[in-house]
Amino acid sequence: MSESPIDIVGQEYRAGFVTDVASDTLPPGLSEAVVRHISAKKREPAWMADWRLAAYGKWRAMTPPDWAHVRFPPIDFEAISYYSAPKSLADAPTSLDEVDPELLRTYEKLGIPLHEREALAGVVKAPNVAVDAVFDSVSIATTFKDKLAEAGVIFCPISEAVHSHPELVRKYLGSVVPQQDNFYAALNSAVFSDGSFVYVPEGVRCPMELSTYFRINERNTGQFERTLIIADAGAYVSYLEGCTAPMRDENQLHAAVVELVALDNAEIKYSTVQNWYPGDAEGKGGIYNFVTKRGACLGANSKISWTQVETGSAITWKYPSVVLRGAGSVGEFHSVALTNNHQQADTGTKMIHLGPGTRSTIISKGISAGQSQNSYRGLVRTSPAAKGARNYTQCDSLLLGDACGAHTFPYIENKSPTATIEHEATTSKVSDDQLFLCQQRGIDPEKAISMIVNGFCKDVFRELPMEFAVEAGKLLEVSLEGAVG
Amino acid sequence: MSLLEVDGLYASVNGEPILKDLSLRVEAGEIHAIMGPNGSGKSTLANVLAGRPGYEVTAGQVSFNDTALVDVAPEARAQAGLFLAFQYPVEIPGVSNMEFLKAAWDSHLAAQGAQPESAVGFMKRARALATSLGLNPEFLKRGVNEGFSGGEKKRNEILQLLLLEPKLAVLDETDSGLDIDALQTVAAGVNRFRSADNGVLLITHYQRLLNHIVPDRVHVLNEGCIVASGDKHLAEKLEAEGYAWLSG
């Protein structure tokens, strides 16, 4: 079965190929003119252009955050190109037949069931996943659109939603992550190119998993996708996100924004398997993954859960969060973050309890190998109105070898006297005795490490949709190669 | 050809010489008991045979099934049929016992160029074995040795022995810390394992295990070499007189 985007992981970074397609790329640098150009390219209405320009103005006045436990030379934001579209799409294809065959072959290589008919014909069991693929900055194709439309679910590139559902986009865009939220969110708001838009109407349970697959291809380009998911009252949707990039010697910037909105009794489950190129064994190249992800549980008894398996990127700076506004709403964060070689990750979550009876759970599993640095940073905040709020945090670190680091930065700001907040943390090492037990039973050390690490991550993998869970296990195995002996 | 041949073996742990000119031969179908006081090198011998990192052979030869063992990776020795039952089995949290056993068995089959056994068939076999060793099959779902009692850990070692069907089983003080019920179960497991085709090296401090498993040969280890060998009556002498006569 090859319906999962990360089915392609092989012995090394197998997704590291470059696709040779003619592309339409803006010269490096950012200015008001560039922002206008991006907006014009997309034939956006004036309100959208104004929104971008407002964000650009705010961004100009901001400085990059420096509090994360990561080290890298300053980024030259004038050296990045802020828009790249595969040329064959400049004339907006109306069907897959018009898509550059080279692009389609790329997706085939990556195992994405882009070809709707093929997938539906079901040579293997037809995957119950609809895919929106974003290549560099542009959404290439969205599959299963018709089947989703029957259920009333809107799943399309956000650039399309701006035209087809402006009332929804205007109402919710920036409502969860304000433009000035942080430096990278402001940048994204100014130059975001594409991403997915999902709206699940009242009382509808989305009939299939929705999935977006992101890939950075072009050299010296940043990717700034924007995702907006709205689950109306009583709706349910499960959304998967997968990412890869070619191997390049220089670093590439990825600054996405994801906003989730859950109304009364709605539930959104958002799963990410992130496998951006992490750089080579010496720490050269790789993606800077500076992403803002936040969900708002606006409605009573709504629920948002983030599940992430992060093995890629040279540097990760990412805190998928939930604002628990509705009474009795629930936020969850389940994370596996693996770093090897010279990777650095500063990742965690924020659970902001505003409504009464709100509950949140944080399960974080950090695995460090090589010379990598892996930090968990989490905030649990309760407001005076969050009567009887509950949080449970469990934060476990696993170390492989002596040269890596694991760090935990938990912040608790409790203003609700009736709240219950629990925090547990452990740090352990894969011991020589564990390895030898496995070897003595005939299991080679690499397989043994992978088994031990998978066991460590079990609580999180359980939260992933089935096919992703299997792939996530394989991905860990590949990412840990060379981590032993 | 002997199953196991140890010739003039010298071995060090962390640079300290422990085994000094040790020689031993185990034929298929035999059970050998290695006895001796604490610190005589019994566990070192077990670990050297299994190829544990940190145990360095400085001189001498070890061959197993006619193959020189020094420099062979521990997993390759295991796949070739050399099994070590641990004195202190370590826990692997989160990895289910069943998953671990299946991975171990698959590695043995792969080394023989055989197809992996079906998960269903293997699980059936493992459950039946567990039950026969007085273990609730539910324990196969728990993490490897995770939260097991001392007795459960040792029964689990015997379960692995019976599942993997090695050619040579080295039991490193498997009897230590066991109550009489667990001891009898472990002994019954070893007796069930023994056949004309395989051998057992039974490392023990006490004679009591040998009431349940009758050895063909008994060796007394002192200060890193074998100082006396005999039949099962040697063990009885040790039980009666202790180890004090060794230093006399």
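Trainee: What area is buried between chain B and chain A?

Mentor: This is a predicted model, and every value is computed from it. The size of an interface is often given as the accessible area lost when the parts come together. Carbon and sulfur atoms give 65% of that area here. The area buried between chain B and chain A is about 1,900 Å².

Trainee: How many residues of chain B are in contact with chain A?

Mentor: Take each side in turn. On the chain A side, 17 residues take part. On the chain B side, the number in contact is 32 residues.

Trainee: How many residue pairs are in polar contact between chain B and chain A?

Mentor: Both residues of a pair must be at pLDDT 80 or more to count. With that condition, the count is 11 residue pairs.

Trainee: Which element gives the most to the side of chain B that touches chain A?

Mentor: Several elements of chain B each supply at least two residues, among them helix H1 (42-50), strand S7 (92-96), helix H3 (97-111) and helix H5 (150-164). By class, this side has 18 nonpolar, nine polar and five charged residues. The top contributor gives six residues, and that is H3(B).

Trainee: How much space lies in the largest cavity?

Mentor: Rolling a probe the size of a water molecule over the atoms shows where empty space is left. By this rule there are five cavities of 30 Å³ or more. The largest holds about 100 Å³.

Trainee: Which strand gives the largest share of the lining of the largest cavity?

Mentor: The lining has 17 residues, and those closest to the centre include Ser364(A) and Tyr376(A). By class, the lining has five nonpolar, 10 polar and two charged residues. Strands S17 to S22 of chain A each supply at least two residues. The largest share, four residues, comes from S19(A).

Trainee: How far apart in sequence are the parts that Glu332(A) and Lys303(A) tie together?

Mentor: The whole structure has 26 salt bridges over all chains. In one, Glu332(A) pairs with Lys303(A), with the closest N and O atoms 3.5 Å apart. Glu332(A) lies in strand S17 and Lys303(A) in strand S14, so the pair ties together parts separated in sequence by 29 residues.

Definitions and conventions:
Residues numbered from 1 in each chain as written. Chains lettered and ligands numbered in written order. Predicted model: local features only at pLDDT ≥ 70, side-chain atom pairs only at ≥ 80, totals over all residues. Heavy atoms only, no water. Contact = heavy atoms within 4.5 Å. Buried area = accessible area lost by both parts, 1.4 Å probe. Polar contact = N/O pair within 3.5 Å; in protein donor to acceptor, adjacent residues only side chain to side chain. Nonpolar A, V, L, I, M, F, W, Y, C, P; charged D, E, K, R; others polar. 1 Å grid on protein atoms, 1.4 Å probe; cavity = no way out; pocket = protein on both sides within 12 Å on 5 of 7 lines; lining within 4 Å. Points joined across faces, edges and corners; volume = space filled by probe spheres on them. Salt bridge = Lys/Arg side-chain N within 4 Å of Asp/Glu carboxyl O.
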